[in-house]
Amino acid sequence: QLHLVESGGGLVQAGGSLRLSCVASGRSFTSYTMGWFRQAPGKERDAVAQIVWSGGSTYFADSVKGRFTISRDNAKNTVYLQMNSLKPEDTAVYYCAAAPNRGAVYDYWGQGTQVTVSS
């Protein structure tokens, strides 16, 4: 089992920044592809960003390209989502997830952290 815990959410004004963290425990984190997802009220959960085990390949949803970055520190079992130039439409619960490799189903999920962007 891989246990994921997100932190760093909060309330921020439009144009501001937040950095989300996701700490993994329970088993080796290094080999997993890690992703960030978000779900706004009344909407489906969408993928936001993804990073492979080495950090050498990343994916970003079009809606966040140029504003969000994803990174990981395998020594700390932590993946980050740096969110800049936040918009009210970024308001959602953000989830961290882990997949055994790129393209695989995400097997493990965190409990989520709320991000609210005020206009």
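A residue is called buried here when its relative accessible area is under 20%, exposed when that area is over 50%, and partly exposed in between, using a 1.4 Å probe and protein chains only. The structure is a predicted model, in which local features need pLDDT of at least 70 and side-chain atom pairs count only at pLDDT 80 or more, while totals for chains, interfaces and linings use all residues. Residues are numbered from 1 along each chain as its sequence is written, and side-chain values use heavy atoms, with hydrogens and water left out.

We may begin with the strands. Helices (H or I, at least four residues) and strands (E, at least two) are taken as DSSP runs and numbered from the N terminus, and two strands pair if DSSP finds at least two bridges between them. Four strands form an open sheet in the order 1-3-8-7, and their pairing is antiparallel. Strand 1 (3–7) and strand 7 (68–73) each have a single partner strand and stand at the edges, so one side of each is left without a neighbour in the sheet. On average, neighbouring strands of this sheet are turned by 15° against each other, direction ignored; the axes behind this angle are lines fitted to C-alpha atoms, for helices over the stretch in contact, and angles run from 0 to 180 degrees between N-to-C directions. Strand 1 runs antiparallel to strand 3 (residues 18–25), and five bridges join the two. Within strand 3, S25 is the bridge partner of H3.

Next comes T33, which is found in strand 4 (residues 33–39). T33 counts as buried because its relative accessibility is 2%. Its contacts (heavy atoms within 4.5 Å), leaving aside neighbours within four places in sequence, include Q50, I51, V52, W53, R72, R102 and Y106. A polar atom of the T33 side chain lies 3.1 Å from the backbone nitrogen of R102. T33 and S54 are 21 residues apart along the chain, and 8.7 Å separates their C-alpha atoms.

Q50, one of the residues that T33 touches, lies in strand 5 (residues 46–51). With 16% relative accessibility, Q50 also counts as buried. The side chains of Q50 and Y106 make a polar contact at 2.7 Å. Such a contact is a pair of N or O atoms within 3.5 Å; within protein, one must be able to donate a hydrogen and the other to accept it, and residues adjacent in sequence count only if both atoms are side-chain atoms. Not counting residues up to four places away in sequence, Q50 touches several others, among them M34, G35, S57, Y59 and I70.

Finally, which charged side chains meet? A salt bridge places a side-chain nitrogen of Lys or Arg within 4 Å of a carboxyl oxygen of Asp or Glu, and a search of the whole structure finds three. D90 and R38 meet in one of them, at 2.9 Å from N to O. This pair links distant parts of the chain, with D90 in the loop between strand 8 (78–83) and strand 9 (92–99) and R38 in strand 4, 52 residues apart. D90 also meets R67, at 2.7 Å from N to O; R67 sits in the loop between strand 6 (58–60) and strand 7, 23 residues from D90. D90 is buried, at 0% relative accessible area, as are R38 at 12% and R67 at 11%. K65 forms a salt bridge with D62, with 3.1 Å between the closest N and O atoms, and D62 is exposed, at 65%.
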